[in-house]
Amino acid sequence: MNLTLHLTENCNMDCTYCIREKCPKDMTEDVLLAACDLAFSKGKRAGLCFFGGEPLLKKDLIYKALDYCEEKSKKTGIRFDCKMTTNGSLLDEEFLKRAVRSHMGIGISFDGKAQDICRIFAGGKPTSSVVEEKAKLLLSYMPEASALATIAPQAVPYYAESVKYLHGLGFKHLSFVIAYGKKVNWTDEALDELRLQLEETGRYIKELFIKGEKVFIGPIYSKISECIKDKNPAERCHLGVRQMPVTPDGSLYPCTSFIGDEYYLLGNVFEGLNEAKVTEIAKRASTPETCKDCPLVKRCTNSCGCANRMNTGDENKVSPLQCTYERMLIEVSDALGEELYQMDPAKFVKVFG
């Protein structure tokens with residue numbers, strides 16, 4: 001089974017859009033090893049995602065988990081996979097050498113040219129120069145590492161420029177999402193600018209398509225690919241089934257935004273899962289009533305209970321912001337997809353199919 005380990009609630013950055021409350025809560029070794037055992041207890045694969053706060057504040061726990069799980073994998077024959085999401089500032093060669101040996105996938109949260117607008121160190125210092133150097137170091141060890149950008153309203157004018165910048169650094173997999181939550185304020189003007197930036201990003205994708213460069217730029221690539229494959233992006237979301245967070249005290253929840261809500265507590269790493277509760281919660285991850293008659297219902301991430309709860313307080317209610325963004329994204333992606341298909345159908349299918 002797949003678990004996301006919240007190794008710490010602390011972070012050395014103070015990003016203005018972050019929805020996580022920083023506090024000095026760290027996972028203990030007992031909780032860590034129990035979580036590792038739980039990951040191996042179900043299925044033919046054990047998967048861990050190291051998360052935080054900033055997980056690299058607890059490198060010692062990551063090393064212990066890797067050693068423990070790799071030994072357990074040898075004994076049981078169960079495959080072990082791991083990944084990590086990090087702000088990148090604490091990456092070093094020693095850690096990266098160990099991560100490479102474990103075939104760890106790493107995603108670095110890096111907002112590109114907008115980095116210093118929202119992603120600052122605790123205390124207020126800018127982070128861009130530090131993270132750029134760490135990103136280069138990461139790519140020297142892991143050329144397939146991902147850049148994960150979160151775009152707040154005030155950073156929208158830098159969207160397309162950031163795509164080009166991160167690709168220029170060497171990232172072949174870029175994922176851009178917009179910032180949600182109570183700390184951001186999306187205006188009509190910011191959304192209008194966002195559309196222009198998505199269209200400019202589409203023109204850059206067209207340039208790469210013509211050159212034959214293999215680069216994934218999400219979410220536009222995803223929308224095009226899902227459309228031609230007739231895949232519903234909502235199918236990726238099943239509360240408490242695919243990726244379950246583990247808090248520092250060992251509690252298990254269906255998704256990050258549900259942490260702390262006793263109704264959604266699914267058990268703990270020492271006593272295991274409440275399977276009846278897991279089944280009950282998973283069944284609730286369905287399309288909201290307000291979306292069922294929408295012609296784009298199978299193109300949109302409307303059934304993500306975690307995102308819905310974060311934006312509206314209700315897992316079955318989609319926010320107007322998310323609806324507006326999804327419609328905009330689908331329109332831009334469809335127009336680009338049609339243009340690229342007309343240019344070279346065979347290449348189009350090879351790239352997106």
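**Entry 1**

I count a residue as buried under 20% relative accessible area, as exposed over 50%, and as partly exposed in between, with a 1.4 Å probe and protein chains only. The model is predicted, so local features need pLDDT of at least 70 and side-chain atom pairs count only at pLDDT 80 or more, while totals for chains, interfaces and linings use all residues. Residues are numbered from 1 along each chain as its sequence is written, and side-chain values use heavy atoms, with hydrogens and water left out. I take helices (H or I, at least four residues) and strands (E, at least two) as DSSP runs, numbered from the N terminus.

How many residues of strand 5 are buried? I find 5 of its 6 residues buried, and I record the strand as mostly covered.

I record strand 5, helix 6 and strand 6 as a right-handed β-α-β unit. Right-handed means that, with the strands pointing away from the viewer, the path from the first strand over the helix to the second runs clockwise.

**Entry 1. Salt bridges**

I searched the whole structure for salt bridges (a side-chain nitrogen of Lys or Arg within 4 Å of a carboxyl oxygen of Asp or Glu). The search gives 20 of them.

I looked up Lys 59 and Asp 92, whose side chains meet in a salt bridge at 2.5 Å, N to O. Lys 59 belongs to helix 2 (residues 59-76) and Asp 92 to the loop between strand 3 (79-86) and helix 3 (93-101), so this pair ties together parts 33 residues apart in sequence. Lys 59 counts as buried because its relative accessibility is 18%. Asp 92 counts as partly exposed, at 24%.

Next I took Arg 98 and Asp 67, which form a salt bridge at 2.8 Å, N to O. Because Arg 98 lies in helix 3 and Asp 67 in helix 2, the pair ties together parts that are 31 residues apart in sequence. I list Arg 98 as buried at 9% relative accessibility, and Asp 67 as partly exposed at 46%.

A further salt bridge brings together the side chains of Glu 144 and Lys 172, at 3.7 Å, N to O. This pair links distant parts of the chain, 28 residues apart: Glu 144 is in the loop between helix 5 (128-141) and strand 5 (146-151), and Lys 172 is in the loop between helix 6 (159-169) and strand 6 (173-178). Glu 144 is exposed, with 58% relative accessibility, whereas Lys 172 is partly exposed, with 40%.

**Entry 2. Helix 9**

I asked which residues of helix 9 (residues 275-283) are buried. They are Lys 277, Val 278, Ile 281 and Ala 282. These four lie on the same side of helix 9 because they cover an arc of only 130 degrees around the axis, the arc being that of the directions from the helix axis to the C-beta atoms. On the other side I find Ala 276 and Lys 283 exposed. The buried residues of helix 9 pack against strand 11 (272-273), with contact taken as heavy atoms within 4.5 Å.

**Entry 3. Aromatic rings**

I paired rings of Phe, Tyr and Trp (its six-membered ring) if their centres lie within 6.5 Å; planes under 30 degrees apart count as stacked, over 60 as edge-to-face and the rest as tilted. By this rule I count 10 aromatic pairs. One of them is the edge-to-face pair of Phe 216 and Tyr 221, 5.7 Å centre to centre with 65 degrees between the planes. Phe 216 is partly exposed at 25% relative accessibility, and Tyr 221 is buried, with a relative accessible area of 7%.

I also looked up Tyr 263 and Tyr 264, an edge-to-face pair at 5.0 Å centre to centre and 85 degrees between the planes. Tyr 263 counts as partly exposed at 36% relative accessibility; Tyr 264 counts as buried at 5%.

Finally, I record a cluster in which ring pairs link Phe 216, Tyr 221, Tyr 341, Phe 348 and Phe 352.
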